[in-house]
Amino acid sequence: MARGKNPDANMIPVEEARRIVLGCMRSTEVREVPAWQAAGLPLAADIETDIDLAPFANSAMDGYALHAADLAAATADGPVVLDVVGHEAAGHVFEGEVGHGQTVRIMTGAPVPEGLDAVVKYEVVEVLEGDGNEGSRVSFAAPAKPGENIRAAGLEARAGDVVMAAGEVVTPAGAGLLANAGHAFVPVHRAPRVGIISLGTELVDAGAVPARGQIRDVNGPALMASAREAGAEPVFYGIAPDDEERICELVRRAASECDVVVTSGGASAGDYDYVTALIEREGEVLFDRVSIKPGKAVTFGLLGETPFFGLSGNPAGAFVGFELFVRPALRKMMGHTELARPVQEARATHGIKKRPGRAAYNRARVERAGADGELEVMQAPTQNSALLVDLHRGNCLVMLDEDAGRVDAGEAVAVLRYDVPEGTVL
C-alpha cells in the first residue's frame with residue numbers, strides 16, 4: 001500500500017479494518033489434549049459418545065426400587081407392606097428377580113433391577129422389621145408413579161450422538177461430559193505463538209532506571225499479558241532501537257518462528273517507520289491507518305504468510321488496537337466462533353466531548369446504580385493516551401461513531417466490556 005503525502009487520507013473505518021484482518025486469519029493446526037486441559041477452548045471436531053448416557057437406568061436417590069403397581073392402593077390409613085429381597089449399591093449389580101410384593105434397597109446411582117419401574121425415597125418409608133436392608137419388611141403409605149426417581153438409560157445422549165459440537169467451548173462440566181462419552185483426549189487448535197516486539201530507542205526494560213529522555217517499556221508486558229489472556233502463547237523478542245537493520249532482523253525472526261507478529265511503536269509516518277517499510281518491501285501492507293482514537297496508527301499486513309500488526313506506541317492506543325484487531329484474530333485462529341467482546345448500553349453520567357471525524361474508544365467504568373440498577377458509565381477524567389491506570393481500573397470503552405459529536409449527560413452510549421469474555425450475555 002503506497003502512502004501519500006497525507007497518510008491520514010488512507011484511514012479506513014474500524015469495521016472494514018476488522019473485516020480485512022479476520023479475512024486473513026487461518027486456523028492453527030489441530031492437536032489432541034487431555035479433556036480437562038481443553039477447558040476454555042473450542043473443540044476442533046464434533047465429539048460423539050460411544051455408549052448411552054446414562055448407560056443404564058439408575059436411581060436418582062437412596063430408597064427402595066419396586067413395581068409401581070404394587071403401591072397403587074397405598075394410603076396413610078392402608079399402607080402396603082413389601083419384603084426387602086436385596087440391596088443395590090453403585091458399582092454393584094443385583095442379579096436376582098424381584099417379584100410383586102417385593103422390593104430392593106437401592107443407593108443413588110445404582111442400576112435399577114430389571115423389571116422395576118419406580119424408586120421411593122428412603123425418608124418416606126417405614127421399616128417394620130429388620131434394619132431396612134435384605135430380609136426386612138417395609139411399609140409404604142402412598143402410591144408411586146412409573147418412572148419416579150429413576151434416571152432412564154440414554155437420558156443425556158444415545159450412543160453415536162454428538163455430545164459437543166466443533167467450535168463449542170469446553171467448560172469444566174463439559175470436560176466431565178467428554179470423559180463420560182469415552183474421550184480422554186479431544187482435538188483443539190494449537191495456541192498461536194505471538195511474537196511481540198517493542199520499538200524505540202527511548203525504551204528501557206522494567207528493571208532499569210530511565211535516564212533523561214528514556215521511558216520504561218510498558219507495551220511489551222501489557223501486550224504479552226493481553227496475548228496470554230486471549231489464549232495465545234506470547235514470545236517477547238525484546239526492545240529494538242530505531243535502527244532499520246536491527247528492527248528488520250527481529251521482525252523477520254519473529255515472523256519465521258511465530259504465527260503472528262505484533263510490534264508497538266514506530267507505526268507512524270515519522271522518520272523511523274522502518275517496520276511498515278519492511279512489510280511493504282517483503283510482504284503486503286493491507287492498511288496502515290484506522291479511523292479511530294486512540295491509536296489510529298495501526299498497520300496490518302502479511303510478511304510471507306505471517307500476519308503482522310504494527311500498533312501505536314502510546315499505551316492506550318496499543319491496548320485498543322489489540323482489543324479491536326489482534327484479539328479477535330487470535331481467537332479465530334483457535335477456532336472460536338464468538339470473536340467480539342460484549343457491548344452494552346449505558347447512561348453517561350456526564351457530558352463527553354468529541355469531534356466528528358474518527359471513531360472514539362474512551363476509557364471508562366460502567367456500573368449499576370440507583371434503586372432500579374440502571375447501567376451508568378463514568379468516563380475517565382483524562383483520555384491521555386500515555387496513561388494506563390484508567391484502563392487498569394476501568395472495565396469498558398465508550399464507543400462513539402465517526403460522525404458522533406458531543407454526548408450530553410444522561411444520553412445512552414454503547415460500551416465495550418473488555419472485562420467480560422466474548423459470547424457473554426449481559
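Predicted model: local features only at pLDDT ≥ 70, side-chain atom pairs only at ≥ 80, totals over all residues.
Helix 5 covers residues 274–282. Which of its residues are buried? They are Y274, V275, T276, L278 and I279.

**Domains**

The domain assignment divides the protein into four parts. Domain 1 takes in 14–29 and 191–334. Domain 2 takes in 33–51 and 157–189. Domain 3 spans 58–151, and domain 4 spans 343–417. How far apart do the C-alpha centres of domain 2 and domain 4 lie? The distance is 40 Å.

**Strand pairing**

Start with strand 23, residues 359–369. It pairs with strand 19 (residues 292–293) in the parallel sense. It runs antiparallel to strand 25 (residues 396–400). Strand 24 (residues 374–379) also pairs with strand 23 in the antiparallel sense.

Now take strand 22, residues 343–348. Its pairing with strand 26 (residues 412–417) is antiparallel. Its pairing with strand 24 is parallel.
|---|---|---|---|
| strand 19 and strand 23 | parallel | 2 bridges | I292 and A359 |
| strand 23 and strand 25 | antiparallel | 5 bridges | A360 and L400 |
| strand 22 and strand 26 | antiparallel | 5 bridges | V343 and L416 |

Strand 23 and strand 24 form a hairpin. There are 4 residues between the two strands. In this hairpin, G370 takes a positive phi near 80°.

**Aromatic rings**

How many aromatic pairs does the structure hold? It holds 6. One of them joins Y64 and Y122. Their ring centres lie 6.2 Å apart and their planes meet at 15°, so the pair is stacked. Why does this pair tie together parts that are 58 residues apart in sequence? Y64 lies in strand 4 (residues 63–66), while Y122 lies in the loop between strand 7 (118–121) and strand 8 (126–129).

Are the two residues buried or exposed? Y64 has a relative accessible area of 0%, so Y64 is buried. Y122 has a relative accessible area of 31%, so Y122 is partly exposed. The charged end of R105 sits over the ring of Y64, 5.5 Å from the ring centre.

Ring pairs also build a cluster elsewhere. Its members are F287, F300, F309 and F325.

**Around Q214**

Where does Q214 lie? Q214 is in the loop between strand 14 (203–204) and strand 15 (215–216). Its relative accessible area is 31%, so Q214 is partly exposed.

Residues up to four places away in sequence aside, Q214 touches E202, V204 and V209. The C-alpha atoms of Q214 and L203 are separated by 5.8 Å. Along the chain, these two residues are 11 residues apart. The side chain of Q214 also has a polar atom 2.8 Å from the backbone nitrogen of A211.

Technical notes
Residues numbered from 1 in each chain as written. Heavy atoms only, no water. Buried < 20%, exposed > 50% of the residue type's maximum accessible area, 1.4 Å probe, protein only. Pairing = 2+ DSSP bridges. Phe/Tyr/Trp six-rings, centres within 6.5 Å; stacked < 30°, edge-to-face > 60°. Lys NZ or Arg CZ within 6 Å of the ring centre and 35° of its normal. Contact = heavy atoms within 4.5 Å. Polar contact = N/O pair within 3.5 Å; in protein donor to acceptor, adjacent residues only side chain to side chain. Domains from an automatic or database assignment.
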